[in-house]
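Here is a short briefing on one protein structure. Please look it over first.

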Amino acid sequence: KLHSDLDKGVGTVKYTLSGDGAGTVFTIDETTGDIHAIRSLDREEKPFYTLRAQAVDVDTKKPLEPESEFIIKVQDINDNEPKFLDGPYVASVPEMSPVGAYVLQVKATDADDPTYGNSARVVYSILQGQPYFSIDPKTGVIRTALPNMDREVKEQYQVLIQAKDMGGQLGGLAGTTTVNITLTDVNDNPPRFPKSIFHLKVPETSHVGSAIGRIRAVDPDFGKNAEIEYNIVPGDGGNLFDITTDEYTQEGVIKLKKPLDFETKKAYTFKVEASNLHLDHRFHSVGPFKDTATVKINVLDMDEPPVFSKPMYTMEVYEDTPVGTIIGAVTAQDLDAGSSSVRYFMDWKSDVDYFTIDATEGTIATNELLDRESTAQYNFSIIASKVSNPLLTSKVNVIINVLDVNEFPPEISVPYETSVCENAKPGQVIQTITAADKDLSPAGQRFSFKLSSEASNKPNFTVHDYRNNTAGIETRRNGYSRRQQELYFLPVVIEDSSYPVQSSTNTLTIRVCRCDSEGTIQSCNVEAIFLPVGLSTGALIAILLCIVILLVIVVLYVALRRQKKKDTLMTSKEDIRDNVIHYDDEGGGEEDTQAFDIGALRNPKVIEDNKIRRDIKPETLRFTRHRPPAEDNTDIRDFINQRLKENDIDPSAPPYDSLATYAYEGNGSVAESLSSIDSLTTEADQDYDYLSDWGPRFKILADMFGEESYNPDKVT
């Protein structure tokens with residue numbers, strides 16, 4: 001209520017209200033000054049309002065007092081329940097956790113005024129989820145309430161939490177939320193085999209490395225806590241098998257490490273241990289986290305292929321051994337209980353025709369003559385099959401080494417040519433030679449070198465054998481002259497040490513060369529012809545440049561002569577075609593027949609019915625037979641054709657030729673020729689109506705000839 005001291009209660013004072021909510025939320029009685037709320041107030045929407053009031057004289061409308069400001073505060077009541085803004089919640093806690101293990105903290109929010117009364121004081125409680133979990137009524141922290149909760153027994157829990165204001169008293173408002181709690185796994189269970197003995201049956205033909213069986217231990221844990229490692233306990237038969245873990249099924253896969261043989265051993269027994277890979281030290285007291293089971297494997301008898309006595313056979317034979325000679329044998333046996341005979345044959349994939357094999361005995365003999373220098377070793381396969389079951393076969397590799405027979409003489413290795421300086425001294429080694437032999441001796445070859453008998457008496461060169469399969473060529477004279485003899489041929493005899501002894505005479509070519517004082521060769525062969533001239537590289541280049549310049553001058557001279565000849569042809573005063581090219585006098589028209597003979601340019605073809613235009617590309621037409629052109633027009637026609645071709649290929653010439661374009665009249669125009677020269681029709685036959693179809697450029701011409709029909713009598 002507002003009241004002014006100047007208000008005497010006689011109705012002379014008027015009260016006004018302005019500010020927040022004036023007229024919408026609050027109103028004032030202008031006479032009494034009472035302030036009323038005209039709608040419901042919500043503290044959570046607006047906690048206070050600032051208003052201004054003033055007393056005004058009713059008659060003068062002037063303020064009686066200064067404007068005053070006041071605040072209206074909205075007092076809170078408990079009209080909002082607590083709310084879990086983040087709910088529902090999801091939490092997890094490890095299984096087997098102790099009592100009081102932290103799980104999650106929940107929080108509810110009350111929009112009421114926390115400074116006024118207990119409207120915003122929230123208390124938490126569990127409506128569903130006891131006795132497994134508990135909650136702090138003030139903080140909202142959820143903890144475990146029972147010890148040793150086992151995930152394998154129950155994994156999921158749903159807890160219903162309530163938050164109530166007014167401190168939990170009767171009449172308070174409440175809100176709820178759900179917390180889904182999951183027990184996470186820990187390794188609290190060891191693996192266990194469901195049975196103590198596993199029986200497996202394995203065929204003796206199983207391949208090494210193949211899986212022959214599976215066993216499984218059960219671990220109720222989850223994830224990595226359920227990962228199991230299997231191991232074979234050392235003992236009887238364990239060395240023939242191996243076991244690995246299937247990472248998807250956690251099964252133990254037993255694999256074969258060595259081949260099985262029913263005839264050797266029919267059964268194997270060993271133990272397998274299963275253990276966890278990831279152990280939890282908190283549960284060591286529960287006991288060992290591993291288990292053991294026995295595996296018994298029975299080997300099944302199978303019909304097996306023959307078995308060779310060796311994994312590979314190696315044989316030797318001398319080259320050139322007669323065909324049919326037995327060089328060895330292979331042996332295979334059937335080890336099954338009912339032993340069967342064995343047959344042998346060559347593997348067709350080996351593609352070896354030099355040997356044969358006896359199908360019953362397995363003996364290998366030569367089928368062709370062998371040459372070690374051609375093929376030193378043969379590698380092929382022999383297949384053995386059972387007579388009782390030919391589909392059961394086995395294969396073995398056979399290597400035959402061809403032994404060498406000394407049949408080739410040794411020869412000098414490259415080079416076959418060497419050189420000696422003109423100023424060489426006696427006893428100087430000019431070349432070291434070696435030898436090569438196509439034969440191959442197991443102990444290695446030894447070669448000896450000497451001069452042939454006919455060369456040993458000559459005083460030029462000698463051979464010094466170093467006894468290590470090499471020899472040196474030494475000089476025996478003091479200096480050599482190229483002018484007297486440029487080449488020397490030295491026969492060298494080489495012998496090997498095999499039986500029978502093989503020898504050969506090899507000719508070594510020695511060239512005399514000019515050398516400096518240090519023995520460096522300066523000239524030999526063809527180079528000696530040019531070096532005495534004394535021409536340097538620069539001089540040779542200068543000579544070549546002069547030759548090139550002379551060639552360029554000759555080419556330019558020939559080109560100028562050709563150009564001059566062409567100009568002379570066009571300007572000659574004696575050329576009969578000069579009248580056509582240089583005729584520039586203006587004549588008297590068609591009646592002037594004295595200045596120039598128009599017949600020289602007239603094409604005889606125009607008198608034919610099918611005339612061809614020369615200024616456009618002709619169409620493909622079938623021409624009627626016509627008279628041959630006059631002989632006196634041949635030169636003119638050839639000259640025009642020649643000039644036309646020259647201008648067509650000349651890039652600097654204009655794209656027209658007056659002589660080629662306008663020399664003859666043609667029939668390319670729709671109206672044909674407008675001239676009376678050589679016209680085959682009379683004027684009476686002309687119909688000029690088509691001129692009106694030629695467009696505006698021919699309008700005047702069309703009007704002249706189209707106004708009236710042509711009358712020859714009116715022509716003057």
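Lys46 lies over the face of Tyr49, 5.5 Å from the ring centre. A charge sits over a ring if NZ of Lys or CZ of Arg is within 6 Å of the ring centre and within 35 degrees of the ring normal. Lys266 is placed over the face of Phe262 at 4.8 Å from the ring centre.

This is a predicted model, where local features need pLDDT of at least 70, side-chain atom pairs count only at pLDDT 80 or more, and totals for chains, interfaces and linings use all residues. Residues are numbered from 1 along each chain as its sequence is written, and side-chain values use heavy atoms, with hydrogens and water left out.

**Aromatic pairs**
- The count comes to 16 aromatic pairs. Rings of Phe, Tyr and Trp (its six-membered ring) pair if their centres lie within 6.5 Å; planes under 30 degrees apart count as stacked, over 60 as edge-to-face and the rest as tilted.
- Phe241 and Tyr268 pair edge-to-face, at 5.6 Å centre to centre and 75 degrees between the planes.
- This pair links distant parts of the chain: Phe241 is in strand 16 (residues 241-245) and Tyr268 in strand 18 (residues 267-276), 27 residues apart. Strands are DSSP runs (E, at least two residues), numbered from the N terminus.
- Both Phe241 and Tyr268 are buried, meaning under 20% relative accessible area (1.4 Å probe, protein chains only).
- Tyr480 and Tyr488 also form an edge-to-face pair, at 5.8 Å centre to centre and 75 degrees between the planes.
- Tyr480 is buried at 4% relative accessible area; Tyr488 is buried at 7%.
- Ring pairs join Tyr354, Phe355, Tyr378 and Phe380 into a cluster.

- An open sheet of four strands runs in the order 21-28-27-24, with mixed pairing. Two strands pair if DSSP finds at least two bridges between them.
- Strand 21 (312-318) and strand 24 (342-346) are at the edges, each with a single partner strand, so one side of each has no neighbour in the sheet.
- Strand 24 runs antiparallel to strand 27 (residues 377-386), joined by five bridges.
- Phe345 stands opposite Ile383 in strand 27.

**Tyr313**
- Tyr313 lies in strand 21 and is buried at 5% relative accessibility.
- A polar atom of the Tyr313 side chain lies 3.2 Å from the backbone oxygen of Thr331.
- Tyr313 and Ala329 are 16 residues apart in sequence and 8.7 Å apart in space, C-alpha to C-alpha.

**Asn225**
- Asn225 sits in the loop between strand 14 (211-216) and strand 15 (228-233).
- Asn225 is buried, at 11% relative accessibility.

Note on methods:
Buried < 20%, exposed > 50% of the residue type's maximum accessible area, 1.4 Å probe, protein only. Polar contact = N/O pair within 3.5 Å; in protein donor to acceptor, adjacent residues only side chain to side chain.
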